[in-house]
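Colleague: I am new to this model and would like a close look at a single part, the place where the ligand sits. Please take me through that part with care.

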Amino acid sequence: MRTIFKNAAQIVTVSTKGKNLKRGADMKDISVLTSHSIIAENGKIVDIIPTESMSGVKFDNETDLKGKVILPGLVECHTHTAFAGSRASEFRMKLNGTGYEEIASKGGGINYTVSAVRNSSKESLKRITHQRVKHFVSQGITSLEIKSGYGLDFENEIKLLEVINEVNQECGIDIYATFLGAHTFPVEYKNDRRGYLNKIINEMLPYVARQNIATFCDAFCEITAFQPEEVREIFKAASGLGLKLKLHSEQFNNIGGLEVGTESGVLSIDHLEVINDEDIRKLATTEIAAVLLPGVSFFLNYGFAPARKIIDNGGIVALSTDFNPGSSHISNFHLIMSIAALKMKMTIEEVISAVTINAAKALGISDRTGSIEIGKNADFSVFNCEDYSEIVYSIGSNLNEMTIKEGKIIYSSSGD
Ligand code: NIG
Ligand code: FE
């Protein structure tokens, strides 16, 4: 079946000319076309042609974009969407001046959500996760990553990954599951780090790989979580089992996570609020995406990652909400785009590259999505505006009108 997508005011292609990523100055070049149409067949983009050359050609299906702006389907590459409970009481403590790490040391933080997840049935976790995924889809997101990391024992980590996989079957977009058993040490292993590492390496990871319920293995490298040598050991086991790697690092402290990440061959290093200049230069020589999470800085009210320096040194910057109950209770991807522009001084074009092709790069899927180029999936988001700058300018608003996955309309704001 051949489908034409026609009458867009702008096609923001984010074309990479075969590179499937944008680094440094190239992030500003998002290759906008006017008076063109996109032709898709069997879920893939087969042509992008000037509208005047179309007269008389017949298609099985026509989607009239009515003078709106079409972008590649947005890619949300770092979330903790599968969680139960609320940490609003911690939010109150934060507003009264108590720090994030202090709250965690008093029994709040990640382990608070772990209790809530352990006390939740799989069905209720699935219901709430599905609801949240729908919200992402309504924003134009066609590829989404979701981590476990709030189970922290065999039964509950697997429960979370199964929930993510089941929601993936039902939601119309591609969801990539990440095993984050190394999010922090669960309370019962506080004084037995070796015991928990053994659980991850000898029990959880082999099962996750055998059941094929996660694409990635992630770890949180931080003073209060996993030390670099512990991350190295987990990553060695995970990659030996065929999992791809991602890393949370340099959020509060620089303890050498970046080095472990680069040595281990991670696809992305995420957070980087406190990355130093030397590491910025090192990172820019690699193909590792720097996933920046300005919602965390906004929510916890601390310094933003040095996006400008990373881009100016030639890095591959992606953006994400990091949606989670404790450090970024923000599921509005468009708001994150605006915060990145305002607070991290990224240009509108850089922001668009960061939520499309570079976010796809962070998930290892940029050969098939993240830009509007021949041969890629027909994954699109259609925005109710005549110029793409409105998307970042309309702070906190959802201008997405239509989400299209592999050529099919899976969400329309009009409900059709
Ligand atoms: O990415 N940094 C570690 N993990 C999450 C926060 C999780 C939580 O507080 O529940 C993050 O910011
Ligand atoms: Fe995170």
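Modeller: By class, the shell around ligand 1 has four nonpolar, nine polar and two charged residues, where Ala, Val, Leu, Ile, Met, Phe, Trp, Tyr, Cys and Pro count as nonpolar, Asp, Glu, Lys and Arg as charged, and the others, Gly among them, as polar. This is a predicted model, in which local features need pLDDT of at least 70 and side-chain atom pairs pLDDT 80 or more, while totals for chains, interfaces and linings use all residues. Residues are numbered from 1 along each chain as written, chains are lettered from A and ligands numbered from 1 in written order, and side-chain values use heavy atoms, without hydrogens or water.

Among the polar contacts (pairs of N or O atoms within 3.5 Å), a side-chain atom of Tyr-150 lies 2.6 Å from an oxygen atom of ligand 1, and one of His-183 lies 2.8 Å from a nitrogen atom of ligand 1.

Turning to the metal, the iron ion (ligand 2) is coordinated by His-78, His-80, His-248 and Asp-322 at 2.1 to 2.3 Å, donors being N, O and S atoms within 2.8 Å of the metal (3.2 Å for Na, K and Ca), with water not among the atoms, so sites may look incomplete. In sequence these donor residues are spaced H-x1-H-x167-H-x73-D. Because His-78 lies in a loop and His-248 in a strand (a DSSP run of E, at least two residues), the pair ties together parts that are 170 residues apart in sequence.

Technical notes
A polar contact is a pair of N or O atoms within 3.5 Å; within protein, one must be able to donate a hydrogen and the other to accept it, and residues adjacent in sequence count only if both atoms are side-chain atoms. Helices (H or I, at least four residues) and strands (E, at least two) are DSSP runs, numbered from the N terminus.
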